[in-house]
Amino acid sequence: MIASISFKNFKSLYDNEVKLNRFCVFIGANGSGKSNIIDAFKFARESLLNDVGAAVGKRFGWQQLYSKSPGRKKEIRFQFFFNFSENESHILIDKEKRLLSSNYSLEIGHSKNKSFIKSEKLESNILKKDETNYQSKFI
């Protein structure tokens, strides 16, 4: 399950994190960014599955996408944090059940009228249960 998503420089989402549960409702005033949160998911998906340029074009160009706050870089970054409950996902290591937690980040850049995936990174932790809780081991 996606536990949270961080946004940097995507439309009105300058530097925000949204924590998610199994069921989420976004409530806020007009123009507060609710639709931009949903569009961020769509944009990241379209950029990865299809073409970054097409995803940008569908949203009327790069100038409409990145945050226009002064001093901001012209890259867009999404960071997805995944947590898996004991009932959702286990991996078996050395005959022991362990949980997996992951962090995926995607950075999209723009240069010379062309948009591209600037960086992509996946980090995972294997969580080993001791007597009271899970301990993290970075892989």
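A surface patch, as I use the term today, is made of residues with over 30% relative accessible area and no salt bridge, and nonpolar side chains are joined into one within 5 Å. Keep that in mind.

Good morning, everyone. What you see above is a predicted model. Let's start with the layout.

The protein has 2 helices and 7 strands. Along the sequence, the order is β-β-α-α-β-β-β-β-β. Of its 139 residues, 34% are buried. Now contacts. Take those between residues at least 6 apart in sequence: 50% of them join residues at least 24 apart. The protein exposes about 9,200 Å². Carbon and sulfur atoms supply 50% of that area.

Now the patch. Which residues form a nonpolar patch on the surface? They are Phe23, Val25 and Ile27. Together they have about 410 Å² of accessible area. Look at Val25. You will find Val25 in the loop between β2 (13–19) and α1 (34–49). Val25 counts as exposed, because its relative accessibility is 55% and the cut-off for exposed is over 50%.

Next, charges. Side chains of opposite charge can pair when their charged atoms come close. How many salt bridges does the structure hold? The count is 9.

Begin with Lys19 and Glu17. Their closest N and O atoms are 3.5 Å apart. Lys19 is exposed, at 63% relative accessible area. Glu17 is partly exposed, at 45%.

Now go to Asp39 and Arg59. In this salt bridge, the closest N and O atoms are 2.9 Å apart. Asp39 sits in helix α1, and Arg59 in the loop between α2 (52–58) and β3 (76–83), so the pair ties together parts 20 residues apart in sequence. Buried or exposed, at 13% relative accessibility for Asp39? Buried, because the cut-off is under 20%. Arg59 is buried too, at 8%.

Arg59 has another partner, Glu46. The closest N and O atoms of that salt bridge are 2.7 Å apart. Glu46 lies in helix α1 and Arg59 in the loop between α2 and β3, so this pair ties together parts 13 residues apart in sequence. Both Arg59 and Glu46 are buried.

Salt bridges that share partners join Lys11, Asp39, Glu46, Lys58 and Arg59 into one network.

To recap, there are two places to look. One is the nonpolar surface patch of Phe23, Val25 and Ile27. The other is the salt-bridge network that includes Arg59. Thank you.

How values were computed: Residues are numbered from 1 along each chain as its sequence is written. This is a predicted model: local features need pLDDT of at least 70, side-chain atom pairs count only at pLDDT 80 or more; totals for chains, interfaces and linings use all residues. Side-chain values use heavy atoms; hydrogens and water are left out. Patches are made of residues with over 30% relative accessible area and no salt bridge: like charges are joined within 9 Å, nonpolar side chains (Val, Leu, Ile, Met, Phe, Trp, Tyr) within 5 Å. Accessible areas come from the Shrake-Rupley method with a 1.4 Å probe; for residues, only the protein chains shown count as cover. A salt bridge is a side-chain nitrogen of Lys or Arg within 4 Å of a carboxyl oxygen of Asp or Glu. Helices (H or I, at least four residues) and strands (E, at least two) are DSSP runs, numbered from the N terminus. Buried means under 20% relative accessible area, exposed over 50%, partly exposed in between (1.4 Å probe, protein chains only). Contact means heavy atoms within 4.5 Å.
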